[in-house]
Amino acid sequence: MVKLILIGFMGSGKTTVSQLLGQQLDEQVLDLDREIERQSHQTIPQIFAQGGEQAFRQIEHDVLRQSMNFAGILATGGGTPLREDNLQLLRHAGVPVILLAASPEETYRRLQQQDNRPLGNTLDVDGIRQLQHKRQPFYDRCADLRIVTDRLTPTEIAQQIVKYLQK
């Protein structure tokens, strides 16, 4: 069974922080986006190009459902909580769900360093702000803890999560 779930907008640090937590807590880490790519034998941009966002979200749901049995830390994709059935899986997982959040400006800066984001690579700061605002209620509905990552290093974020888990 999953022991900890990280959620948040693209570029918030889920993948990096999950790797650090895995090392610190001696837990396996499953990155949902990488698992989708492994199971589908396609990159996420290829899935989007071939079937669109709806096809991707269905694959994402199927892989999320399977991943709830994973024994370790689960880092979800930025849009995972948008589907109601995914949101319910996350809410009822019975483990801490940690929301990593970054400002639109910081998110934009981070996304400029990556080229594998089908949605993020087309957005400016205002587009990111609007999309974050639209997604925030979904994140809030399943998060047990919210950490703003703008001024924190990945190590500091992981330390905050470890402290939270020790309470």
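## The middle strand

How many of the 5 residues of β4 are buried? In this predicted model, the count is 5 of the 5, so β4 is largely enclosed by the rest of the structure. As a general point, side chains in a regular strand alternate between the two faces of the sheet. For β4, V97, L99 and A101 sit on one side, I98 and L100 on the other, and every one of these is buried, so both faces are covered.

β4 also has a partner strand on either hand. With β1 the pairing is parallel, over 4 bridges, and L6 stands opposite I98. With β5 (residues 145-148) the pairing is again parallel over 4 bridges, and here A101 lines up opposite V148.

## The sheet around it

Zooming out, 5 strands make an open, parallel sheet in the order β2-β3-β1-β4-β5. β2 (28-31) and β5 are the edge strands with a single partner each, so one side of each has no neighbour in the sheet. On average, neighbouring strands are turned by 20 degrees against each other, if you ignore direction.

Next to β1 comes β3 (residues 72-75), running parallel to β1 and joined to it by 3 bridges. In this pair, I5 stands opposite L74. Helix α1 (residues 14-25) packs on the sheet and touches β1, β2, β3 and β4, with its direction at about 160 degrees to that of β1. Helix α2 packs on the sheet too, touching β2 and β3, and its direction makes about 70 degrees with that of β2.

Which residues touch the most other members of the largest nonpolar core? Those are I5, I7 and L74, in a core of 26 residues. At least two core residues come from each of β1 (4-8), α2 (32-40), α3 (44-67), β4 (97-101) and α6 (125-142). α3 gives the largest share, 6 residues.

I5 is worth a look on its own. Skipping neighbours within four places in sequence, its contacts are M68, L74, T76, L90, A93, V95, P96, V97 and I98. There's also a second, separate core of 12 residues, with L21, I73, I98 and A158 among them.

The rings belong to F48 and F56, at 5.1 Å centre to centre with 35 degrees between the planes, which counts as tilted. Buried or exposed, these two phenylalanines? F48 is buried, and F56 is as well.

Notes. Residues are numbered from 1 along each chain as its sequence is written. This is a predicted model: local features need pLDDT of at least 70, side-chain atom pairs count only at pLDDT 80 or more; totals for chains, interfaces and linings use all residues. Side-chain values use heavy atoms; hydrogens and water are left out. A nonpolar core is a set of buried Ala, Val, Leu, Ile, Met, Phe, Trp, Tyr and Cys residues joined through side-chain atoms within 4.5 Å. Buried means under 20% relative accessible area, exposed over 50%, partly exposed in between (1.4 Å probe, protein chains only). Contact means heavy atoms within 4.5 Å. Two strands pair if DSSP finds at least two bridges between them. Rings of Phe, Tyr and Trp (its six-membered ring) pair if their centres lie within 6.5 Å; planes under 30 degrees apart count as stacked, over 60 as edge-to-face and the rest as tilted. Axes are lines fitted to C-alpha atoms, for helices over the stretch in contact, and angles run from 0 to 180 degrees between N-to-C directions.
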